[in-house]
Amino acid sequence: MKKRWFVVLLFFVLLGIIGGLLIKYVFYGHVGNGTMKQTEANRLISYLGVSEYEYSDRLGSLFTVGDAKDLLECADVSLDQLEFNVSYLPSFVPLTKKQFESMYASLIRTLELDRLACVNLYIFDIDRTREEEIDGIIYEVIETHLGEYYMEKDYGMDHAYIGKVVKTYVSNNEIILCQGESNETVTIQNAYMLKSDKEDSANKNMLIAVNGNTYEMIPNKKMKGMQEESGLCDLTLSNEGVLELISHTKDLVETRVMSYHDGVMNADGYEEELYLSEFFNVYKVKGSFKATQSAGMLIGYEKVSLYIKDGIVEAALIQDDIYAKNIRVLINDSEYSSFYHNSVMITSDTDFTITYDDVVKEYKASEKVEFRNGSEELKKGPAIIQSKSEDGKIEIKSLNRQGGTPKYRGKLELTRDDKGVLVVNELSVEEYLYGVVPSEMPVTYEMEALKAQAICARAYAYRQMESEKYASYGAHLDDSVSCQVYNNVAEDERVIFAVDDTYGVVPCYDGEVIEAFFFSTSCGATSNNASVWGGYQKPYLLDSMQTEYNDIANLSSEENFRSFMKGELGTDFLEESEPFFRWTVEFTPQEITKAVNDNLYNRIQAMPEYILTKEKSGAFVKKDIASIGDVVDIEIKKRGDSGIIEEMIVTGTQETILVKGQTNARALLAPTAVTIKKQDGSTLTGWSSLPSAYYYVDYSESDGGTFIVSGGGFGHGVGMSQNGANQMAKLGYMACDIITHYYTAVELKDMYELLGK
C-alpha cells in the first residue's frame, strides 16, 4: 500500500517537473525573443525617479507582471492607465517588450517626464575621440540625424549601428538604452545635398550636409526624387539607405537678415519677426562650402536665401561671394559703458547722404545732423549714412575717443528702441583693420610687428564674422576691449601699409583660421589657452619659454617658478628689457584685506564656480560671501606649465576661499589703492587688476607686516606678445616668422580664398 502511494506521489512530482519545464521552455520560448530583460528594464526605470521601487537584477532574469505591478504602485499609477490588461496574468509571467514600452510610455505621460522618450535615430557616426567626463562618468559622442547625443561608454553603442536606424530611449540628449535596429524610417529635415564624383557600383554616393557636418550616404535602388544638382532637401532614411529626396530649391526666397537673437530673426521685407525651426541649418554654397547651425553668420550679407515654411525659417543659404561682405562693428558710447546713445551727431568730410524709409536726403560736407530715438528718420527702420566719395569719412561729433572725435569709413547704420540709438559701422575688413591695429599696438613699433598684429587682428575679425554673439544688434563685434579696440586711435600711414601689405593673410591650423589671441608683454613664458580660460586646449597655443628658440615651459612647481622669476632659470628672454617684464606690488595687511573684500562679492557673482568657500568638512563649495575677514595667508596651490596661477587659497580670519583662474587671481588683489612698481623703477597707480597672473606672494613681518606680490608680464599670456613681436622684428624677423613663433605649426593663407573669392 505504501509502495503504491509512493508511486502515485512520484508520478505527480514528475508531472510537476515536466509541467514546469513545459511552461519554461514552451511558454517562455514562445515569448522569449519579445520579452524585456530585467537589467534593461531597470536601467530605464532608474530614469523615472520612482524612489520607492525595489530593483531586482538576477542575472538573465526577465521583467515580469509582478515587477510591473510593483513599479506602478510605487509610482502611484493605476493599472487602468495602461493600454493593455495584466490584472488576470500570474505575477511570474514576463512582460513582452511591446507591453513594457507601452507601460513606460504611460509612466512618462502620467509623471509628465518630457525629457524621456523613445526615439528612432539614424546613426551617422560614433565619435570615440571626443569622449567627455561628467561627474566621473565617461560619455561617447553619437552623431545622429537629430544632432549630437551622448551615451555612457559602459553602455557604448556598437559600430555596426553606423548607417542604421536604431530604436533608442533618450533622456534629453543622452541615449540611455539602445534597443537595436528599427524597421521604421526617419526624416532628415533641411539637409543639403552636394554633388559627388564617387561611385558605388551603379549608384552614385550622396554627400549630405546637416547639423554642421557632411556625411556620405548611398541611395536605395528604388529611391524617389533623386536630383542631379546640389540643393536644399528633406531625406527619408531607412536601414537600406536613402528612400526619398524632396527638394526645396524652388521654395527659397531672397532677403537680407537685419538681426538675430535667441531663435528670432528680423529680415528685410518681413514686418513680423521670424522664428527659427529646431532643425534650422545654414549652408554657405559659394566658394568653399560650409555647413553650420549659426544664424549669426548671416549678418552682413546683402542677400541670403531663406526656406520659410508656415512662418518658420527652416534653413538659409548664403549664395553671395563673401569677398563683397563687410564687417559690422557696434559702436559704444564715449565711456564704453553702453551700446545705446542718447544722441548721435553726424557729419562728414565730404558730401553725404542719409537714406531711410525709401527716402534719400543729400547733405553738404560738414553739415551736422542729430539723431535721437524719436527722430523721424528712425521711426520706420534704420537710417543709413554714407559719404558720396569713396574716400570720405563720416564723423560722429557726439563721441570722444583717445584720438579725438572718431571718423569712420564705410557707412553708418542707426536704429532705435526704448533704450536709445544703436550705431553700427559697416565697412570692409581691410579698412576695419586700419582702425584696429593702431588702437591695439603703438604705431611706432617695427613694421614687421605691425604686420603681425594686422594678421592676428584679421584672424579675429574672420572668426567674429561667423559668430552670433552680437547678432541681436545686427553686428559681428563691438569696438571695445571686449573684442578688438577699434578707432580709438586715428589711422596712420604706417599701419595702412602694414594692413595692405598683408592683404587677406590669416594664420591657419589644419585648414581652419585660428583664434589668434594676443596680449601686451610676457614674463618670459606664454601659456596654453586651457590653463587660462579652461576648455579644450588648442594645439597651436602652447606653454613656451619666450626666447628665440621657443622651448617648452616647465614652471608648474613653485620652486621652478620662483627661480625663473628671480632670473635663476633661463636666459636671453625676448622681453627681458621691457619695463613690465618684472614688477612688484606691496600691500599692508589692511590694504590687501580691503582689496580682497572689496572685490570678493562681485567676483563671486561673475564667476560663482571659480571662487569657492571652505566648509568645516574641508570641502570647498559655492557660497555668497562678502568678506573673509582679515587676510592671514595667500598660498598658490596650482600653476600651469607656464607658471600662470590656476588655483590659490586665500585664508582669512572668518573664511577661507579657493580662487580659480587668472582673471580672479588678478582682480581679487586689485592694486587700486597701492603702487605697481615696474623693473625700470617707474610706477603706476589706480589699477583695477594686477598686470598678470604670473606672480608669487611673500609676507615680510618688518614694518608692521607687508604682503609682497612679485610678478611679471602684462596681460593674459596666451598667443602673441606684442612687445615680444616688436623685439623679434628688431632682431630681423619677418611677420611670418613672428606668427609661426607664437602659434605653433600654423600656416599663413589667404582669407578671401578660404571664403570663396
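## Reading burial and packing in a predicted model

User: In this predicted model, which residues of α12 are buried?

Analyst: In α12, the buried residues are Gln722, Asn723, Gly724, Ala725, Asn726, Gln727, Met728 and Ala729. The helix spans residues 722–730 and is mostly covered, with eight of its nine residues buried.

User: Which residues touch the most other members of the largest nonpolar core?

Analyst: In soluble globular proteins, nonpolar side chains tend to be buried together. Here the largest nonpolar core holds 126 residues, and Phe371, Tyr432, Met648, Tyr695 and Tyr743 touch the most other members. Helix α6 gives the most to this core, with 13 residues. A second, separate core has 31 residues, among them Leu72, Phe84, Leu107 and Ile108.

User: Is glutamine 227 buried or exposed?

Analyst: A residue counts as buried when its relative accessible area is under 20%. Glutamine 227 has a relative accessible area of 14%, and is therefore buried. This glutamine lies in the loop between β11 (219–224) and β12 (231–238).

User: What is glutamine 227 in contact with, leaving aside its neighbours within four places in sequence?

Analyst: With those neighbours left aside, glutamine 227 is in contact with Met193, Leu245 and Ser247.

Note on methods: Residues are numbered from 1 along each chain as its sequence is written. This is a predicted model: local features need pLDDT of at least 70, side-chain atom pairs count only at pLDDT 80 or more; totals for chains, interfaces and linings use all residues. Side-chain values use heavy atoms; hydrogens and water are left out. Buried means under 20% relative accessible area, exposed over 50%, partly exposed in between (1.4 Å probe, protein chains only). Helices (H or I, at least four residues) and strands (E, at least two) are DSSP runs, numbered from the N terminus. A nonpolar core is a set of buried Ala, Val, Leu, Ile, Met, Phe, Trp, Tyr and Cys residues joined through side-chain atoms within 4.5 Å. Contact means heavy atoms within 4.5 Å.
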